[in-house]
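The entries follow in the order in which I went through them.

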Amino acid sequence: MFACVQENGHLEPGVLVVTEAEQTGAFTRNFNPLVEAGDVRWPARRAMYEPMMVYEPVRGDYVPWLATSCTFDDKSTVLTCELRPNVRWSDGKPFSAKDVVFTFEMLRKYPAADGRGVWSFIERVDATSPLTVSFVF
């Protein structure tokens with residue numbers, strides 16, 4: 001318990017409290033998931049925008065998140081990800097492989113948004129079924 005933080009006490013069922021481990025008074029309120037600025041804090045990058053897989057540093061591997069699995073072909077040139085069924089956007093619409101393709105195509109269309117240069121490695125991204133997306137390297 002920090003001296004400047006009031007104790008939460010008992011919360012009603014269904015109440016989620018997200019706390020940030022990093023204490024800072026200069027939080028940059030930038031919620032753009034494509035910005036690679038060093039001052040974008042955890043809540044803006046990890047709590048609002050969900051990845052395909054989450055890296056688990058204790059075990060040293062990836063935990064399925066929006067994808068249930070990702071596997072390379074025999075030549076390691078195609079990564080195929082199976083998406084979790086029944087995932088919905090905040091408006092209730094289903095999440096699909098077409099949404100993943102859209103995101104990556106947006107990075108290709110606007111190279112300034114491709115801060116990590118993913119299109120220097122990827123040849124194309126295909127929705128091969130509603131819940132399957134393939135990345136061709």
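Which residue in β6 does Val78 stand opposite? I looked along the pairing and found that Val78 stands opposite Val136 in β6. I note at the outset that this is a predicted model, and I read every entry below with that in mind.

**Entry 1: strand β4 and its neighbours**

I began with strand β4, which covers residues 78–83, and followed its pairing on to strand β6, residues 132–136, where the two strands run in the antiparallel sense over 5 bridges. I then turned to strand β3, residues 67–72, and found that β3 and β4 are also antiparallel, with 5 bridges joining them. As one example from that pairing I wrote down Ser69, whose bridge partner in β4 is Glu82.

Between β3 and β4 the chain makes a hairpin with 5 residues between the strands, and in this hairpin I noted that Ser76 takes a positive phi near 60 degrees.

I also sorted the residues of β4 by face. Leu79, Cys81 and Leu83 make up the covered face, while Val78, Thr80 and Glu82 lie on the uncovered one.

**Entry 2: the cysteine link**

I searched for disulfides next, and the count came to 1. The bond joins Cys70 to Cys81, with an S to S distance of 2.3 Å, and it links distant parts of the chain, since Cys70 sits in strand β3 and Cys81 in strand β4, 11 residues apart. With 115 degrees about the S-S bond, I recorded the link of Cys70 and Cys81 as right-handed.

**Entry 3: salt bridges**

How many salt bridges does a search of the whole structure find? The search finds 4, and I wrote down several of them in turn.

Asp61 forms a salt bridge with Arg59, and their closest N and O atoms are 3.2 Å apart. I noted that Arg59 is exposed, with a relative accessible area of 56%, while Asp61 is partly exposed at 30%.

Glu105 forms a salt bridge with Arg108, with the closest N and O atoms 2.8 Å apart. Both belong to helix α2, residues 97–109, and because they are 3 residues apart there, Glu105 and Arg108 are separated by about one helical turn. I recorded Glu105 as partly exposed, with a relative accessible area of 28%, and Arg108 as partly exposed too, at 39%.

Arg124 forms a salt bridge with Asp126, again with 2.8 Å between the closest N and O atoms. Arg124 counts as partly exposed at 37% relative accessibility, and Asp126 is partly exposed at 25%.

Methods:
Residues numbered from 1 in each chain as written. Predicted model: local features only at pLDDT ≥ 70, side-chain atom pairs only at ≥ 80, totals over all residues. Heavy atoms only, no water. Buried < 20%, exposed > 50% of the residue type's maximum accessible area, 1.4 Å probe, protein only. Helix = DSSP H or I, 4+ residues; strand = E, 2+ residues; numbered from the N terminus. Pairing = 2+ DSSP bridges. Salt bridge = Lys/Arg side-chain N within 4 Å of Asp/Glu carboxyl O. Disulfide = S-S within 2.5 Å.
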